Amino acid sequence: MILTTTPSVEGKEIIEYKGIVFGEVISGINFIKDFTAGLSNFFGGRSATYENELLEARENALKELEERAYQKGANAIVGIDVDYEVLGADNGMLMVTVSGTAVVVQ
């Protein structure tokens, strides 16, 4: 499956549009992760805990997007957009949403 943020695939012709597809992941940050990230915030530096959580959520959302396009009979997804949000009363949830257009390329 070809995944791209561009509206087309260079060297390929889009021969069929299968529709818009989405992949969504909502991930909770637990107390331990929040505590270790807080230490990074206090002492400075990057938070590997949050970075890893973000990476995993994004990869899972892209896998979900790809699976939904495959179910529609697509072999590529063009125009992919990735959005991030924090949710919850204490902003303890991370939402990653990816969307794009499922297509068949030749």
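This is a predicted model: local features need pLDDT of at least 70, side-chain atom pairs count only at pLDDT 80 or more; totals for chains, interfaces and linings use all residues.
Besides the 4 strands, the secondary structure of the protein includes 2 helices. Read from the N terminus, the elements follow the sequence β-β-α-α-β-β.

### Strand pairing

Strands of a sheet pair through backbone hydrogen bonds, either parallel or antiparallel.

| Strand pair | Direction | Bridges |
|---|---|---|
| β3 and β4 | antiparallel | 10 bridges |
| β2 and β4 | antiparallel | 13 bridges |

Ala76 stands opposite Val103 in β4, and Asp81 has Ser99 in β4 as its bridge partner. Gly28, in turn, stands opposite Met93 in β4. A hairpin is formed by β3 and β4, with 5 residues between them; in its turn, Gly88 has a positive phi of about 95°. As for burial, β4 is mostly covered, since 10 of its 13 residues are buried.

The largest nonpolar core has 13 residues, of which Val21, Leu65, Ala69 and Ile77 touch the most other members. At least two residues of this core come from each of β2 (14–28), α2 (48–71), β3 (76–87) and β4 (93–105). Another core, of 6 residues, lies apart from it and has Ile14, Ala76, Val103 and Val105 among its members.

Which residues does Ile77 touch, not counting residues up to four places away in sequence? They are Met1, Ile2, Leu3, Thr4, Val21, Leu65, Glu66, Ala69, Gly100 and Thr101. Val21, Leu65 and Ala69 in this list are also named, with Ile77, as the core members that touch the most others.

### Overall burial and contacts

Of the 106 residues in the protein, 30% are buried. The exposed surface comes to about 6,800 Å², and carbon and sulfur atoms supply 54% of it. Among contacts with a separation of 6 or more, 75% are between residues 24 or more positions apart.

Conventions
Residues are numbered from 1 along each chain as its sequence is written. Side-chain values use heavy atoms; hydrogens and water are left out. Buried means under 20% relative accessible area, exposed over 50%, partly exposed in between (1.4 Å probe, protein chains only). Contact means heavy atoms within 4.5 Å. Accessible areas come from the Shrake-Rupley method with a 1.4 Å probe; for residues, only the protein chains shown count as cover. A nonpolar core is a set of buried Ala, Val, Leu, Ile, Met, Phe, Trp, Tyr and Cys residues joined through side-chain atoms within 4.5 Å. Two strands pair if DSSP finds at least two bridges between them.
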